[in-house]
Amino acid sequence: MIGCHGLVWTGQFDEQGFGGAVERTLGAGFDLLEIPLLDPYAFDVAGAQRALARHPVPVAASLGLGDDSDISSADPQKVRAGEQLLNKALDVLADLESQYLVGVLYGVLKKYPGPATAAGRASSQDVLGRVSERAASLGITLALEIVNRYEANMFNTVRGALTYLDELGDPRIKLHVDTYHMNIEEPDMFSPVLEAGDRVGYVHIGESHRGYLGSGTVDFDSFFRALDRIGYEGPITFESFSTTVVDETLSRSLAIWRNLWDDSDDLGAHAAAFIRNTRRAVDTISLH
Ligand code: MN
């Protein structure tokens with residue numbers, strides 16, 4: 001299943017924005033739409049349901065927690081707010097019949113001023129253990145996105161995330177790998193995927209500058225070969241950002257300051273073809 005991040009199309013996910021994103025996702029050749037759900041309380045569920053009734057498509061959602069909802073915080077009020085926010089996101093996704101909640105679910109999406117504390121780590125694992133119970137009862141998979149050092153401090157590599165998950169001890173929680181972040185933090189684009197194996201539950205495809213695929217330094221050939229080797233069959237979602245389409249909160253935390261494209265439809269169609277073509281090429285030399 002090939003997906004597209006909603007910010008390729010729009011920064012507004014009201015009924016009109018969501019509906020447009022659904023149509024353009026399908027039009028560009030994708031078969032899943034991922035929406036940013038940083039504020040699930042403000043999301044227009046009824047509007048999205050009407051749009052999906054017109055054009056049915058599987059939906060995934062990603063989010064990064066904010067300072068007021070940091071489940072790795074020493075402040076119990078923030079931890080409680082974070083657990084409530086994650087549960088609210090699950091409610092929204094259940095209403096959209098979605099199967100995936102992914103992203104930085106374990107802490108704040110930001111450049112932390114120091115490393116995660118042992119207490120913060122334990123708090124985050126404790127909350128996610130409970131949220132995972134509820135997600136499982138709704139048929140929703142949680143996948144924790146491994147992001148670079150400027151966007152999280154809990155872990156920045158597959159190995160670090162596996163250690164965190166082993167401590168947490170809930171095999172239902174999966175890893176969400178992203179080629180943009182791997183390209184910054186991992187030794188290569190192949191071995192970490194093999195190490196993660198069947199614990200990979202969601203994939204983001206992004207270029208080194210988050211623009212057009214193939215125009216940067218990410219070694220996609222090795223990455224797709226690794227996905228093939230582990231037999232990965234979950235969503236592969238294209239993620240790209242430009243100042244052309246802006247969600248203020250997310251754009252600021254991700255440091256989107258420059259314009260890497262201005263034609264969403266051209267970018268999306270190119271990405272869908274790039275992903276399908278690269279997977280097809282890998283498939284022809286597959287050993288299994
Ligand atoms: Mn990502």
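This is a predicted model: local features need pLDDT of at least 70, side-chain atom pairs count only at pLDDT 80 or more; totals for chains, interfaces and linings use all residues.
Residues are numbered from 1 along each chain as its sequence is written, and side-chain values use heavy atoms, with hydrogens and water left out.

- His204 belongs to strand S7 (residues 200–205) and Glu239 to the loop between strand S8 (236–238) and helix H9 (248–253), so the pair ties together parts that are 35 residues apart in sequence; helices (H or I, at least four residues) and strands (E, at least two) are DSSP runs numbered from the N terminus.
- His204 and Glu239 are both buried, where buried means under 20% relative accessible area, exposed over 50%, and partly exposed in between (1.4 Å probe, protein chains only).

**Cavities**

- On a 1 Å grid over the protein atoms alone, a cavity is a set of points where a 1.4 Å probe fits but cannot get out, whereas a pocket is an open set with protein on both sides within 12 Å along at least five of seven lines; lining residues have an atom within 4 Å of a point.
- A search of the whole structure finds two cavities of 30 Å³ or more, with grid points joined across faces, edges and corners and a volume being the space filled by probe spheres set on the points.
- The largest cavity holds about 160 Å³ of space, and of the 20 residues that line it, Ser62, Leu109, Glu145, Glu239 and Leu250 lie nearest its centre.
- Strand S3 (59–65) and strand S4 (100–108) are the elements that give two or more residues to the lining of the largest cavity, and S3 gives the most, with three residues.
- The lining of the largest cavity has nine nonpolar, six polar and five charged residues, on a scheme in which Ala, Val, Leu, Ile, Met, Phe, Trp, Tyr, Cys and Pro count as nonpolar, Asp, Glu, Lys and Arg as charged, and the others, Gly among them, as polar.
- The second largest cavity holds about 40 Å³ of space, and its lining is made up of Ile146, Asn156, Val177, Asp178, His181, Met182, Glu185 and Glu186.
- Strand S6 (174–178) and helix H6 (179–185) are the elements that give two or more residues to the lining of the second largest cavity, and the largest share, three residues, comes from H6.

**Pockets**

- The largest pocket has a volume of about 310 Å³, and the residues that line it include Gly11, Phe13, Asp14, Leu38, Phe43, Asp247 and Thr249.
- By class, six nonpolar, three polar and three charged residues form the lining of the largest pocket.
- The second largest pocket has a volume of about 260 Å³, and among its 16 lining residues the closest to its centre are Leu38, Gly64, Leu65, Gly66 and Ser69.
- At least two residues of the lining of the second largest pocket come from each of S3, H3 and H9.

- Helix H3 (residues 76–95) has 20 residues and reaches 29 Å from its first C-alpha to its last, close to the 28 Å expected at 1.5 Å a residue, the expected span being 1.5 Å times one less than the number of residues.
- The buried residues of H3, among them Val79, Leu85, Leu86, Leu90 and Leu93, pack against helix H2 (45–54), S3, S4, helix H4 (118–137) and strand S5 (141–145).
- In H1, the buried residues are Gly17, Phe18, Gly19, Ala21, Val22 and Thr25, and what covers them includes strand S1 (2–5), S2, H2 and S3.
- Just after H1, Gly29 takes a positive phi of about 100°.

**Around Ala28**

- Ala28 lies in the loop between helix H1 (15–27) and strand S2 (32–36), and at 13% relative accessibility Ala28 counts as buried.
- Leaving aside neighbours within four places in sequence, Ala28 is in contact (heavy atoms within 4.5 Å) with Trp9, Gly268, Ala269 and Ala272.
- The C-alpha atoms of Ala28 and Asp266 are separated by 8.1 Å, although the two residues are 238 residues apart along the chain.
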